[in-house]
Amino acid sequence: MAPPFPVFRNTRLLAGEGNGPIDANLVTAAPKAIVSGLNRNGITWQSGAIPSAVQIGGSCSPSVEWPMSSSNTQHWNPAQYSKNARFVSDLGMPVVDWLDPRPGERILDLGCGDGALSRKLVDRGCEVVGVDASAAMIAAAQALGLDAQVVDGHSLPFENEFDAVFSNAALHWMTAPERVVSGVWRALKPGGRFVGEFGGHGNVAGIVAALGAALTARGLTVPDPWYFPRPEEYGKLLRSHGFEVTRLDLMPRPTLLPGDVGDWLATFAQAYTAALPVAERGDFIAGLVEALRGPLCDANGAWWADYVRLRFSATKPDAA
Ligand SMILES: C[S@@+](CC[C@H](N)C(=O)[O-])C[C@H]1O[C@@H](n2cnc3c(N)ncnc32)[C@H](O)[C@@H]1O
């Protein structure tokens, strides 16, 4: 099986790299092709309507007026998440491998959701604390027998107590990343590891473009709810807090969806749909499914999301 859009190779930044420019064409060409596809499918732009994630070569940094998190408009429903988004934790297993958890280690799972990956860490003999901003997701994690607490990742309350902080598919929801990284640094013991994966530059750019265009057509705009940094930007942020960055990869990861892109939008794009009256949201999503069918649905009728992930491993030096 292959996605219906072109995919380009990973961008890898190793220790000591990442302060200079990278070739934006490596991973951004795929979203660019999807945006072209959208244009062919009848989505038209108005000036200024293209979301930052598809302004190829432009900055993806959050501007100061962005909300710190989309928690006002994005509501997590564990049953919906399990049905439409189980692939998120399933595809997080390589990040667990990067973490290389060892029995007896105390690990913080930041943005643990319903706890599927926290559970894997417990099964490997670790002592795990899961934190998440969603009370519903934390209740689901607790139902798995996990030590899970409602905590905003921007305000981590831990001091010098974890051997590792792990995070899968959550950091892009936290739009004041310097506060998150500060809290992770404080939470780690000297020598502790920060290992994670989240949406990187160009993530779901075709979907974001279609959402932006559809809202613009209705005279609406929505602040970008996501932080999808370039690798050099995130590496710089980690190093500015004192982390040694050991691995940092930006990787296109076309992702086969269990349903259609409408299910994905209903699960993840509530920051956009919330701009519309409830009665109009169904038609809005149905219109987007048709607009995205050409770029994201393959010849067999399977739907793919144009994910681009940023995966990293960093260490708080022993001397810190
Ligand atoms: C896509 S889910 C990933 C969940 C889990 N890590 C997994 O792999 O299945 C993103 C999670 O990030 C959480 N989240 C979003 N903003 C957050 C914040 N500011 N602080 C803590 N968690 C947050 C959401 O509540 C949600 O459970």
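**Note on helix packing, ligand shell and selected residues**

1. On the α2 side the contact is made by Q80, Y81, N84 and A85, and on the α9 side by D263, W264 and T267, where contact requires C-beta atoms, placed from the backbone, within 7 Å. By class, the contact of α2 with α9 holds 3 nonpolar, 3 polar and 1 charged residues (Ala, Val, Leu, Ile, Met, Phe, Trp, Tyr, Cys and Pro count as nonpolar, Asp, Glu, Lys and Arg as charged, the others, including Gly, as polar).

2. The model is predicted, so that local features need pLDDT of at least 70 and side-chain atom pairs count only at pLDDT 80 or more, while totals for chains, interfaces and linings use all residues. Residue numbers start from 1 along each chain as its sequence is written.

3. As to the overall fold, the protein chain comes to 11 helices and 10 strands, taken as DSSP runs numbered from the N terminus (H or I of at least four residues for helices, E of at least two for strands). Of its 320 residues, 46% count as buried, meaning that 20 or more other C-beta atoms lie within 10 Å of their own, with 12 or fewer for exposed and partly exposed in between. Among contacts between residues at least 6 apart in sequence, 79% join residues at least 24 apart.

4. From α7, G206, I207, A210, L211 and A214 meet F284, G287, L288, A291, L292, P295 and L296 of α11. This contact of α7 with α11 divides into 10 nonpolar, 2 polar and no charged residues.

5. The ligand is surrounded by 23 residues, of which the closest are G111, G113, S134, G153 and W173 (the criterion is a C-beta atom, placed from the backbone, within 6 Å). Helix α2, and likewise α4 (116–123), supplies at least two residues of this shell. By class, the shell around the ligand has 11 nonpolar, 10 polar and 2 charged residues.

6. Most residues other than glycine have a negative phi. A169, although not a glycine, has a positive phi of about 60°; A169 sits in the loop between β5 (162–168) and α6 (177–187) and counts as buried because it has 22 C-beta neighbours inside 10 Å. V204 is likewise not a glycine and has a positive phi of about 40°, and its place is the loop between β6 (188–199) and α7; with 27 other C-beta atoms within 10 Å, V204 is buried.

7. Finally, D163 is placed in strand β5 and counts as partly exposed, having 18 C-beta neighbours inside 10 Å. Leaving aside residues up to four places away in sequence, D163 touches E105, R106, I107, K189 and G192. D163 and K316 are 153 residues apart in sequence, yet 9.9 Å apart in space, C-alpha to C-alpha.

Terms used:
Contact = placed C-beta atoms within 7 Å.
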